[in-house]
Amino acid sequence: MSAENFQEELRQAVDLMSLERPESRSSLRFLLDLILEQSSLEERFKEALSDHFQSLREAAKRVAEERKPLLELVGVPDIPEDLLLESISSVLRVTLSHREDLAEDLGRIEAALFGGKGDRNLDPEVLVSSLLSGRKEELEKLAGELGVDPVLIEAIALWAVQPLLRAISKLAIGDIDLKGWYEGRCPVCGSHTRVGFLRGEGKKLHLHCTVCGAEWPFQRIKCPFCGNEDQDRLGFYTVGGDNRFRLYFCDECGRYWKVVDEEVVGRKIPRVLYDAWTSHLDLAASERGLK
Ligand SMILES: [Zn+2]
Ligand SMILES: [Zn+2]
């Protein structure tokens with residue numbers, strides 16, 4: 001699909017979703033601008049990755065056998081710092097244009113990254129590596145030092161690194177034996193996802209990684225979080241009689257995941273929007289005490 005078609009498809013989808021849920025309009029506009037910005041950054045990261053193509057694709061072939069996500073096998077490839085900074089800077093700009101209420105915190109992050117020489121006290125590589133290795137306490141420490149909300153700094157770091165992860169995912173997914181990957185976490189980046197879709201005859205379940213966009217088949221009767229396969233301890237609700245979406249839950253670990261039935265909805269909404277499209281299920285889940 002060409003970049004223009006992708007943009008147009010996203011815009012139309014966001015319009016449709018906004019009609020259905022007018023109260024989400026402004027957050028959907030934000031999401032749209034963020035995804036558009038990220039997709040142009042993705043091209044840049046793809047170029048920067050060209051020296052790593054071969055090694056990534058070789059490692060991808062070992063993912064299923066070694067039962068380890070690609071990023072765990074290869075680590076995060078070295079990326080030029082200026083590109084990383086550009087990505088963070090773009091994300092800060094898009095965020096500010098939709099969330100003026102965050103101006104002060106966003107300004108602090110920007111100053112820490114881009115303040116004059118010797119003035120800088122936030123290393124973009126430290127930011128990204130603490131996010132990717134799941135070292136939450138490091139992110140919290142960084143946030144504390146800057147005096148900003150840890151949730152915000154984590155979101156900015158994630159949005160800035162997503163174009164890199166998406167580029168890696170697209171590059172390597174074809175070399176991963178997805179049918180041999182039985183885990184609930186992503187075979188590329190290792191993230192857990194709570195988004196899936198049913199597709200094809202027999203409504204086969206696939207999970208969609210909301211971080212890098214990878215998709216892989218997954219058992220219908222299995223919890224992607226704890227691996228529970230006891231069908232008496234798993235189930236799903238529909239909300240308000242709407243059979244387009246299913247809210248699955250596991251009684252074993254109390255987690256939930258959201259599944260779009262593509263046999264009912266078709267493909268008019270790009271999957272990158274499924275998490276937002278099903279945001280009302282997050283509410284329903286929290287009302288039911290699911291996490
Ligand atoms: Zn992923
Ligand atoms: Zn579970």
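## Two buried cysteines

C189 and C209 are both buried, meaning under 20% relative accessible area, where exposed is over 50% and partly exposed is in between (1.4 Å probe, protein chains only). This is a predicted model, where local features need pLDDT of at least 70, side-chain atom pairs count only at pLDDT 80 or more, and totals for chains, interfaces and linings use all residues. Residues are numbered from 1 along each chain as its sequence is written, chains are lettered from A and ligands numbered from 1 in the order in which they are written, and side-chain values use heavy atoms, with hydrogens and water left out.

## The zinc ion (ligand 1)

So what holds this zinc? Its protein donors (N, O and S atoms within 2.8 Å of the metal, or 3.2 Å for Na, K and Ca) are C186 (SG), C189 (SG), C209 (SG) and C212 (SG), lying 2.3 Å from the ion. Along the chain they follow the spacing C-x2-C-x19-C-x2-C. C189 sits in the loop between α10 (150-172) and β1 (195-199), while C209 sits in the loop between β2 (204-208) and β3 (215-217), so the pair links parts of the chain 20 residues apart.The helices (H or I, at least four residues) and strands (E, at least two) are DSSP runs, numbered from the N terminus.

The four donor atoms subtend angles of 98 to 119°, which makes the arrangement tetrahedral (for four donors, all angles between 85 and 135 degrees).

## The zinc ion (ligand 2)

Here C223 (SG), C226 (SG), C250 (SG) and C253 (SG) coordinate the zinc ion (ligand 2) at 2.3 Å. The donor angles run from 105 to 115°, which makes this arrangement tetrahedral.

C226 lies in the loop between β3 and β4 (234-239) and C250 in strand β5 (residues 242-250), so the pair ties together parts 24 residues apart in sequence. C226 is partly exposed, at 39% relative accessible area, whereas C250 is buried, at 1%.

How values were computed
Tetrahedral: all angles 85-135°; square planar, octahedral: opposite > 155°, others 65-115°.
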